[in-house]
Number of protein chains: 2
Amino acid sequence: MQLTRYTDYSLRVLIYLAVHHERLATITEISEAYGISRNHLVKVVHELGMLGFIKTQRGKQGGLRLAHAAEQINVGKVVRQVEKNLAIVNCSEPICPIMPACDLRAMLFEARDAFFDVLDRHSLADLVRNRRAKLGQLLISGA
Amino acid sequence: MQLTRYTDYSLRVLIYLAVHHERLATITEISEAYGISRNHLVKVVHELGMLGFIKTQRGKQGGLRLAHAAEQINVGKVVRQVEKNLAIVNCSEPICPIMPACDLRAMLFEARDAFFDVLDRHSLADLVRNRRAKLGQLLISGA
């Protein structure tokens with residue numbers, strides 16, 4: 001039971017931008033700080049932009065920043081939008097014959113909702129609050 | 001965010017055995033009822049046996065049955081034991097540099113616990129209660 005790498009990297013990008021909120025950041029520096037592929041991040045950053053979580057400024061002095069204050073970026077909302085498959089189990093490929101009478105599906109959806117209820121109670125700011133200096137150090141030393 | 005196919009199939013086997021609790025079932029009939037590979041189920045059934053959820057009787061008249069009443073088989077316990085990776089995100093391969101100061105991990109663990117709290121409140125019996133006749137029909141027609 002894991003979130004996709006894609007969601008994981010999306011959250012890491014947002015944490016990076018929340019730590020360095022006072023300036024624009026680049027995909028290259030985020031990639032180097034976390035030691036993850038720049039190619040992966042290009043796609044992640046593009047989608048975070050499309051979803052309205054970050055803003056990109058083009059040009060030589062360009063870079064990325066959060067589109068809103070970290071307090072206004074809800075973790076549950078990010079994960080719901082970035083994680084494509086929220087079905088918990090795949091009942092349709094191949095189609096499961098007991099679907100019309102299956103209570104497992106409803107039980108798993110209830111459990112998933114409880115999972116998101118926790119994330120919905122937190123903003124991106126909760127992930128960096130009181131930790132900004134330490135996170136900033138760790139992200140530099142990762143470069 | 002999905003449980004593995006392996007966990008999904010484990011739950012399907014247990015539901016099948018709960019529906020047909022009055023007799024022994026075979027891997028072949030379960031495989032045919034759900035339209036899933038017998039080879040996959042052999043492994044699933046073996047592990048469910050090792051974990052003490054089902055019992056196997058060898059021989060020509062042999063087959064499978066639940067090791068306990070469905071009321072005593074907790075869904076949360078099954079998923080925890082069968083689903084190998086409960087980490088939600090992989091912080092260690094490659095190692096994530098912010099781990100020592102990361103609050104995301106703790107937040108995701110809290111969300112995962114909320115997910116399992118829901119499953120822990122249910123037994124296998126809750127998944128077939130009042131549905132046994134209908135499930136039995138669907139599992140035959142799937143053959």
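Me: At what angle do helix α4 (residues 75-82) of chain B and helix α5 (residues 104-120) of chain B pack, and what makes α4(B) oblique to α5(B)?

Reply: The two helices pack at about 130 degrees, with axes 6 Å apart. Axes are lines fitted to C-alpha atoms, for helices over the stretch in contact, and angles run from 0 to 180 degrees between N-to-C directions. Under 35 degrees counts as roughly parallel, over 145 as roughly antiparallel, 65 to 115 as roughly perpendicular and the rest as oblique. The pair α4(B) and α5(B) is therefore oblique. The contact joins B:V75, B:G76, B:V79 and B:R80 of α4(B) to B:F116, B:L119 and B:D120 of α5(B); contact requires C-beta atoms, placed from the backbone, within 7 Å. These residues divide into 4 nonpolar, 1 polar and 2 charged (Ala, Val, Leu, Ile, Met, Phe, Trp, Tyr, Cys and Pro are nonpolar; Asp, Glu, Lys and Arg are charged; the others, Gly among them, are polar).

Me: What kind of model is this, and which pLDDT thresholds apply?

Reply: The model is predicted: local features need pLDDT of at least 70 and side-chain atom pairs 80 or more, while totals for chains, interfaces and linings use all residues. Residues are numbered from 1 along each chain as its sequence is written, and chains are lettered from A and ligands numbered from 1 in the order written. pLDDT is the predictor's confidence in each residue, from 0 to 100. Chain A averages 92, and 98% of its residues score at least 70. The model scores ipTM 0.90 and pTM 0.91.

Me: What is the relation of chain A to chain B, and how do you know?

Reply: A rotation of 180 degrees with 0.0 Å of shift along its axis superposes chain A on chain B, with RMSD 0.0 Å. That is the relation of a two-fold axis.

Me: How do you know through which surface the copies meet?

Reply: 100% of the interface residues of chain A are also interface residues in chain B, so the copies meet through the same surface. In all, 44 residues of chain A are in contact with 44 residues of chain B. The largest share of chain A's side, 10 residues, comes from α5(A). That side divides into 28 nonpolar, 7 polar and 9 charged residues.

Note on methods: Helices (H or I, at least four residues) and strands (E, at least two) are DSSP runs, numbered from the N terminus. Two residues are in contact if their C-beta atoms, placed from the backbone, lie within 7 Å. Copies are superposed by least squares on the C-alpha atoms of residues with pLDDT of at least 70 in both.
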